[in-house]
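Hi,

Here is the structure I said I would pass on.

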Amino acid sequence: MAVSRAFAGAKLETLLLSNAATAASSSAQIGISCKPAQAGRRAPARRGGCAIRCEVAASDVLVGVNSASSSSLSALEQLKTSAADRYTKERSSIVVIGLSIHTTPVEMREKLAIPEAEWPRAIGELCGLNHIEEAAVLSTCNRMEIYVVALSQHRGVKEVTEWMSKTSGIPVSELCQHRFLLYNKDATQHIFEVSAGLDSLVLGEGQILAQVKQVVKVGQGVVGFGRNISGLFKHAITVGKRVRTETNIAAGAVSVSSAAVELALMKLPQTSHATARMLVVGAGKMGKLVIKHLVAKGCTKVVVVNRSEERVAEIREDLKDIEIVYKPLKEMLTCAAEADVVFTSTASDTLLFLKENVMDLPPVGLDVGGLRLFIDISVPRNVGSCVSDLETARVYNVDDLKEVVAANKEDRIRKAMEAQTIIAEESKQFEAWRDSLETVPTIKKLRAYAERIRLAELDKCLSKMGDDISRKTKRAVDDLSRGIVNKLLHGPMQHLRCDGSDSRTLSETLENMHALNRMFSLETEISVLEQKIRAKVEQNQK
């Protein structure tokens with residue numbers, strides 16, 4: 001990925017001096033001695049007016065290299081060069097640190113879950129880390145993924161992992177056992193697959209695309225949801241829409257809510273599908289979808305427990321083909337005693353059903369299998385796993401929905417291959433767009449360089465013309481200088497602008513950028529480092 005290079009770590013000067021100190025402390029072993037520079041000789045490194053010179057002791061020269069033919073660079077200069085080179089060659093990277101249903105049990109995911117209202121706060125905290133420039137949070141019932149633009153890959157991953165540990169209370173060592181790490185093109189590929197529904201528990205499910213859209217909606221205006229990350233998620237939305245439009249991947253695909261209903265019906269005797277008593281706890285989006293899919297399966301009555309009746313009334317207005325009975329939250333256990341299947345989908349961060357709550361409920365009839373089913377699609381969970389210890393009940397959570405999607409494997413693979421072709425095309429376009437961003441600093445610097453020259457020459461010209469020239473003349477001379485500069489810059493600017501749609505044009509644009517940087521000395525590695533460092537320091541001081 002050809003994006004602006006950045007120094008990943010402490011300020012370069014401090015780093016180099018600390019490294020020099022380390023080198024000095026071990027001079028007896030490596031044959032390097034540090035001493036004040038002699039008068040009349042130039043010192044290669046200077047700090048606070050104190051010159052330091054490092055040289056190789058003649059007696060300690062190794063591998064038969066003659067000291068007279070050794071490099072003219074001092075050891076400190078070599079150290080400085082190697083340190084700068086080591087860090088400046090590392091480019092800002094898009095990184096995803098994730099834990100999903102494929103890698104992480106629900107017990108851990110629920111501790112990591114971040115409510116939507118707290119996403120802006122999380123972005124702010126992540127961007128406050130030393131090596132993180134931009135960030136986004138994708139937290140759903142099936143995944144917790146942090147997307148960042150990192151100045152250094154391994155340092156950024158370390159900082160984000162420690163942040164996740166701090167916010168969740170999960171030890172770093174345990175997080176490392178379950179997390180997955182993806183960088184740059186692999187990270188791009190992943191979010192595109194997520195948005196397209198390829199990484200979902202149920203292939204092609206549409207709810208994840210809506211959740212990706214919500215990330216963009218919440219991130220708008222949030223400092224830290226920057227150009228690279230916002231561009232990545234916006235492009236992911238385009239990919240998700242295109243995959244669903246150009247393939248039949250969504251045909252027959254179901255959401256988590258639909259899979260929950262399918263699982264319940266799989267566990268019930270087929271003869272009881274029309275008569276089983278259904279209870280839905282929670283009337284949010286997931287609860288509404290559960291009711292909707294129950295209707296599609298022929299259910300004619302459902303009891304809904306919710307804090308308020310307003311949302312239940314709205315669902316009742318939308319779904320006319322089912323009898324919906326509202327009950328307040330305080331009657332939840334009473335309603336559960338009269339239900340054969342209990343769906344839970346609330347945002348509660350505490351368990352609603354524990355073993356001691358369920359053990360006193362009357363048993364269900366043998367016509368529905370003799371087991372009360374708890375289908376918990378909430379993260380954090382609403383039903384304790386201990387409930388399954390009872391002989392009269394069974395608990396299923398989002399991890400158990402895998403059983404529902406076991407059919408039609410060949411068809412799903414074919415659809416996924418069609419989607420991957422689209423994702424490959426879109427990934428190239430996104431990478432080209434991100435590469436094209438590298439020219440933006442050069443455009444700004446070239447304009448600033450030309451403007452400095454224009455103002456300096458304009459000042460010389462006006463001073464020669466004297467103080468008695470009219471304001472109209474001054475304006476005319478100023479306009480003349482601007483016109484000349486703009487016309488001279490027009491050609492170079494045109495060759496620096498690229499929309500990323502043509503790989504050949506993009507390649508030429510980047511070549512032009514590097515040529516202009518060299519010709520006008522617009523950008524050096526150290527200047528880029530200093531800009532990154534200064535921006536980070538200023539950000540952390542706010």
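**The largest pocket**

The largest pocket has a volume of about 1,400 Å³ (the space filled by probe spheres set on the points, with grid points joined across faces, edges and corners). A pocket here is an open set of points on a 1 Å grid over the protein atoms alone, where a 1.4 Å probe fits, with protein on both sides within 12 Å along at least five of seven lines; lining residues have an atom within 4 Å of a point. There are 36 lining residues, and Met-286, Ser-345, Thr-346, Ala-347 and Val-379 are the closest to the centre. Two or more residues each come from α9 (207-219), α12 (285-296) and β9 (301-306), and α9 gives the most, with four. Helices are DSSP runs of H or I with at least four residues, strands are E runs of at least two, and both are numbered from the N terminus.

**Two packed helices**

Also look at α8 (residues 185-196) and α10 (residues 227-246), which pack at about 45° with their axes 8 Å apart. That angle makes α8 oblique to α10 (oblique is what remains after under 35 degrees, roughly parallel, over 145, roughly antiparallel, and 65 to 115, roughly perpendicular). Axes are lines fitted to C-alpha atoms over the stretch in contact, and angles run from 0 to 180 degrees between N-to-C directions.

**Before you use it**

This is a predicted model: local features need pLDDT of at least 70, side-chain atom pairs count only at pLDDT 80 or more, and totals for chains, interfaces and linings use all residues. Residues are numbered from 1 along each chain as its sequence is written, and side-chain values use heavy atoms, leaving out hydrogens and water.

Cheers
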